[in-house]
Amino acid sequence: MSTPHAKEAPLPVVLAGARGHGRWHLRNIGRLQEKGLLRLVGICELNPLGEEELKEDFQGRLPEQSADFGALLDSTGAAIAVICTPIPTHTDLALIAARKGVHLLLEKPPAPSYAEFRRMADGVAAAGVVCQIGFQSLGSHAVPAIRELIAQGALGKVIGIGGAGAWARDEAYYRRAPWAGKRRMNGVDVVDGVLTNPLAHAVATALALDGSTRAEDITGIETELLRANDIESDDTSCVRVVTAKGRITVAATLCAERPDEPYVLVHGAQGRITFWYKQDRVLVQRSGRGPEEIEYGRTDLLENLVAHLTDGTELLVTPESTGAFMKVVDAIRRAPDPVALPDHAWELLPGENRRVVRGIDGLVAAAADTLALYSELGAPWAALNEVSAR
């Protein structure tokens, strides 16, 4: 990618979507503003933020605010836009920014379908701006370190890669926004499922460790999509991806019995590597050696984007490097609608107001360990689901 760098910090930035997960971006922009790298010049929200919402990181100083994203980019002279808005809006907002020469940090998933992803990626490339996709785990220094260990043959021949995510979300999580838990809304794709949004990092990180990040690296996808919650999308699912290099199976749930840290597991003929990607923590186990645990640093993706624009530092997560992930999103989008688990398969925890699938923690771990789907592991309810192969 050509680098339109030689801009000078602090770069003016506009944040689209400053509530919900957007609050994390707001705090991060505040951190980078303190470092002299960025200057928050605008917030795009349907309902403007008040002084209290900006008190912690910006001492209540109100930047320009507008619900009109394009007009806000024009009036503020923004060099960067951070987009953390509902999934179906990503492509159109990214293209508005691109046409105005504004560089992007676009929250994951970049789009709800492969067609929308291509429209975004092609439009951004044609406009000559750069776009960083917000898979924060791919900023972990553990990712290149693990890839180097694999390349050196530390594990012998790689057999496959597993991913496991056992998380919990209460019923209010699905009322956080009109699009939450939806596969489509008003005829538009949303695809807000466990593997495409909250635990999307498990899929993207597994693909990165396999070295299969581009769309053309994917040769087959099988999905098993289920739900315990009263939603349209999936909350308990697994996917098996066949790449030019091997197999990847990722299992995930938002209905865990005992929520735990998600991880990716590289299986080799002579060892294995476990990567807890939210913690940047790695455990290397190999034949003839004792276990070795390492904690790595992480490069913030917005900071990396600033460095790319000011001194030409390589961008970490380009749109093209998320093409394989978007193929998985599209397979989930096109799969049969998720099957509701029978009442006897789950229970409601009244104190936490969340649904728990009985035995799911063990199944998620077993899928990552054996690269098998839930149905192949004998889950009593998995036979209800139609496996979708692409």
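Q: Why is T249 called buried?
A: Buried means under 20% relative accessible area, exposed over 50%, and partly exposed in between (1.4 Å probe, protein chains only). T249 has a relative accessible area of 0%, so T249 counts as buried. One thing to keep in mind: this is a predicted model, where local features need pLDDT of at least 70 and side-chain atom pairs count only at pLDDT 80 or more, while totals for chains, interfaces and linings use all residues. Also, residues are numbered from 1 along each chain as its sequence is written, and side-chain values use heavy atoms, with hydrogens and water left out.

Q: Where is T249, and what does T249 touch?
A: T249 sits in strand β12 (residues 247–253). Helices (H or I, at least four residues) and strands (E, at least two) are DSSP runs, numbered from the N terminus. Contact means heavy atoms within 4.5 Å. Not counting residues up to four places away in sequence, T249 touches I161, G162, G163, V239, R240, A367, L371, A372 and L373. I221 is 28 residues apart from T249 along the chain, and their C-alpha atoms are separated by 9.7 Å.

Q: What makes the backbone at N186 and D280 worth a look?
A: Most residues other than glycine have a negative phi, and most peptide bonds are trans. N186 has a positive phi near 55° and isn't a glycine. D280 isn't a glycine either, and its phi is positive, about 55°.

Q: Which peptide bonds are cis, going into P10 and P109?
A: A9 and P10 are joined by a cis peptide bond, with omega about 0°. P10 is in the segment before β1. The bond from K108 to P109 is cis too, with omega near -15°, and P109 lies in the loop between β5 and α5 (114–127).

Q: How do you know that the span of helix α1 agrees with what a helix should have?
A: The expected span of a helix is 1.5 Å times one less than its number of residues. Helix α1 (residues 22–34) has 13 residues, so it should span 18 Å; its end C-alpha atoms are 18 Å apart, which agrees. Just after α1, G36 takes a positive phi of about 80°.

Q: Which residues of α1 are buried, and what covers them?
A: The buried ones are G22, H25, L26, N28, I29, G30 and L32. Their cover includes β1 (11–16), β2 (38–44) and α8 (301–311), among others.

Q: What makes a group of residues a nonpolar core?
A: It's a set of buried Ala, Val, Leu, Ile, Met, Phe, Trp, Tyr and Cys residues joined through side-chain atoms within 4.5 Å. The largest one here has 102 residues, and F69, I80, M120, L302 and F325 have the most contacts inside it. Helix α7 (residues 200–210) gives the most to this core, with eight residues.

Q: What makes a space a cavity rather than a pocket?
A: On a 1 Å grid over the protein atoms alone, a cavity is a set of points where a 1.4 Å probe fits but cannot get out, while a pocket is an open set with protein on both sides within 12 Å along at least five of seven lines; lining residues have an atom within 4 Å of a point. A search of the whole structure finds one cavity of 30 Å³ or more. The largest cavity holds about 40 Å³ of space, and its lining is L138, A204, L207, T213, S321, T322 and F325.

Q: How much space lies in the largest pocket, and which residues are closest to its centre?
A: About 1,300 Å³ of space lies in the largest pocket. Of its 39 lining residues, G20, H21, G22, C84 and E107 are the closest to its centre.

Conventions:
Points joined across faces, edges and corners; volume = space filled by probe spheres on them.
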